[in-house]
Amino acid sequence: MADDLVTLTIDGHEVSVPKGTTLLEAAKTIGEQVPHYCYHPGLSSPAMCRLCLVEVEGAPKPMPSCVTTVMEGQVVRTMSEEAKGHREGVLEFYLLNHPLDCPICDMSGECDLQDYVHLEGRKQGRGVEPKRVFGRDDFGGDVLFYGDRCVMCTRCVRFMSEVEQDERLTVVERGNRSVIDTFFTEGLEGTNWHGNIVDICPVGALVSKDFLYKARAWDLDHTPSVCASCSQGCNVMLHTRDNLVHRVKPRENLEVNGWWMCDHGRMDYEWINDGNRLEAPLISEDGVSRRAVGWKDALGELLGRAEELEAASVRAVASARASNEDLGALAELVGALGGGETVFRSPRAQEELVLKGFPKLARRKDLAPNVKGAELLGMRRVGDDAGAGGLDSVAEHGSIVIVLGDVLADQGEDFGAGADLYVYLGTHDSPAAKHADIVLPVTSHAEQEGTFTNHEGRVQRFWPALQPPGMARPAWLILGALDAELTGEGAPETAAELFGKLSDAVPAFGGLTYPDLGTQGASAKVGAGAGS
Amino acid sequence: MSDAPFKNPGWAGNTGEFDLTEEQVRGDDFVGDRPKHGGHASGAGTLPYMLAEKNPEAKLFEGEYQERFEKILTRYPTKRAALLPTLSLAQELRGYVSPESMDRVAELLDLSPAYVRGVSTFYTMYNKRPVGRYLVQVCTNISCNLCGADEVLEAFLSYTDTELGETSEDGNFTTIEAECLAACGFPTCVQINSRYFENVTPAEVPKIIEHLKTKGGD
Ligand code: SF4
Ligand code: SF4
Ligand code: FES
């Protein structure tokens, strides 16, 4: 191993890194971020922006750190006056034609040009010539292009040709007239991953139409989460303000999604903000009127009614959008109430959309984040590819019916009418909850802590990004409390505690704990108990 | 000062390869058509042909042009490398490189349309729009500029009644500026189609234009 390590000095620190590492990456190990535009770890390195220049002892000229690889005994200065001087010169050129329109630019606050100029640029411009003007162009899809802000790093062009492998962008013209352009009349319309070029554009040249003028970057809170729109489980950040999700950005995870995410998942967040939510527990009087009650009364009522039933059997409908913890707590409760079957439904797309240049990542057929988790917990999948049907035996079940997270969109008002006890837990009300004896408001994944198990059995954590509406609580907390009353065991107090118990009890989770999962997740032992 | 008559250093004498005399090459009259077969490979690019057959609808490629295209392919190790001469051929035939031509060339060379577009727009010698029968390129780089290129340019524009880059109403003239034409010893240099006119002064401009108008169809 040691043979493959190269030792060099960067900014006075001795570092040992694998052979072939670039100076830019090596500098990161001591916390030095060398400014750069064209370099992106997920793309090829053309070394064309010249912003990453550093001083290397003995080299006749400044070296681009993004492509210069480490050498034994090398002495590198990334932050010396000389290195900074070179970069200051380069930065001055970048501002020659830049419109300096930060106050109306969406990228402001998270822009590499703004940051680098602030850190290393000239305090005062010297340009006197008029600037050339390109204006704005609609690239199709979700992307707007502001040509004057572009720094010509070609990351966007390279993403389309190397990663998405659908060359819809190119550099046209040359010199200071060069500009990024689409080629086909439809532009980026119809491609499935183009949102990523907005992420990797280091400046405000490519911006999202969806996010345009919605919020300033510095007002947004970032919460690590997992995309809930398919079973790939892309790691994401939810960007929130005023208790609303304003956009979703991919979060780096080389095992799952690299630096990327699909447009479907990126744009599928408005439902989280939907205000039409269940906000208080409701108790139904004979299926006619409902009254809102506190949690204590609601759970007391539920337990009371359950006690009256003898030899109960349960039919439960779960959702593949619920977390492992929610589903685990449901499974426990079903057992404690007398046992029975739990089914779930999940829509399925016709095909997988594979990201050609990063084939680990695909928009999977299963359009829910936790299909695997439900299967590992022994739940049976029913219904068709639209996520409908398959509930006849539940709808007519006579004893206890529990619904968690499925809004039963295809079911009629008489769903569960014949049940002795029908409990409906959901984020949203449903016509099919008309006969529910007890309706309990639960939180969405964006409002609670928990884990999803992705298509290959990787268990990944997400964190609460929003305040839950009204009295809504995580399903695991509610179900766990009920289960504790029935079994006499202590109720779980945190999602971590519940997951710990779950992974001890379910062999497929192999004893994983939250600390094992970290921010990047870990693999459950797939296979054991798993369905197809 | 020598008494020897001035000779255009570009004229190497009749090598026997081409059936042209010095008078035809350097004199006022010559406005021949470019031969469809392209001429001898060693001199095809430098011969002062004034007119090429331009047909924006022409097929890429057929007949003699197809033969020339195939010949081009044999000169390069990869199809990608043949992109520039193929684009030139398309321009020679159609008069300019239209988006459709780029698509077609991409198809012929197994390249992506985006790549071909990037290359075509990078080089200014590919016309991205239709141009007149005569493309007048006036050098306005340093030497010519010092010797009055701006006035020459102005004269071309006013005698053809066009703006920079526009085509005159009769479809004959498009005038553009050129960076150095590598004839700094003979300012102002004007390139009209393939042929150089050297030491041009504003006073000569009407003569050149009238000459081209009358000789144009030869
Ligand atoms: S649009 Fe953005 S990503 Fe594309 S070249 Fe310009 S600065 Fe780079
Ligand atoms: S691939 Fe799946 S998990 Fe990833 S962003 Fe798209 S929908 Fe979300
Ligand atoms: S990041 Fe090194 S040259 Fe662009």
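The domain assignment of chain A gives domain 1 (2–79) and domain 2 (282–444 + 470–494), the bounds coming from an automatic or database domain assignment. Taken over C-alpha atoms, the centres of domain 1 of chain A and domain 2 of chain A are separated by 54 Å. The structure is a predicted model, in which local features need pLDDT of at least 70 and side-chain atom pairs count only at pLDDT 80 or more, while totals for chains, interfaces and linings use all residues; side-chain values use heavy atoms, with hydrogens and water left out. Residues are numbered from 1 along each chain as its sequence is written, and chains are lettered from A and ligands numbered from 1 in the order in which they are written.

Two ligand shells may be considered in turn, a residue being counted as near a molecule or strand if one of its heavy atoms lies within 4 Å of it. Around ligand 1 there are 14 residues, and the closest are A:Cys150, A:Cys153, A:Thr154, A:Cys156 and A:Cys201. This shell divides into 12 nonpolar residues, one polar and one charged; in this scheme Ala, Val, Leu, Ile, Met, Phe, Trp, Tyr, Cys and Pro count as nonpolar, Asp, Glu, Lys and Arg as charged, and the others, Gly among them, as polar. A:Thr154 lies in the loop between strand S7 (143–146) and helix H4 (155–163) of chain A, where helices (H or I, at least four residues) and strands (E, at least two) are DSSP runs numbered from the N terminus.

Ligand 2 is surrounded by 13 residues, of which the closest are A:Cys227, A:Cys230, A:Gly233, A:Cys234 and A:Cys262. By class, the shell around ligand 2 holds seven nonpolar, five polar and one charged residues. Helix H6 (263–267) and strand S19 (362–363) of chain A each supply at least two residues of this shell. Over all chains, the whole structure has 35 salt bridges.

The next subject is the interface of the two chains. In contact, that is, with heavy atoms within 4.5 Å, are 11 residues of chain B and 12 residues of chain A. The size of an interface is often given as the accessible area lost when the parts come together. Chain B and chain A bury about 990 Å² between them, 57% of it on carbon and sulfur atoms; buried area is the accessible area (1.4 Å probe) that two parts lose on being put together, summed over both. B:Ala114, B:Arg117 and B:Phe122 supply 50% of the area that chain B buries against chain A, more than any other three residues. The count between the chains is one salt bridge: A:Asp181 pairs with B:Arg117, the closest N and O atoms being 3.1 Å apart. On the side of chain B that touches chain A, helix H4 (99–108) and helix H5 (113–122) of chain B are the elements that give two or more residues. The largest share of that side, seven residues, comes from H5(B).

Finally, some backbone features deserve attention. Most residues other than glycine have a negative phi, and most peptide bonds are trans. A cis peptide bond joins B:Leu60 and B:Phe61, with omega about -15 degrees, and B:Phe61 lies in the loop between helix H1 (22–26) and helix H2 (63–74) of chain B.

Key:
A salt bridge is a side-chain nitrogen of Lys or Arg within 4 Å of a carboxyl oxygen of Asp or Glu.
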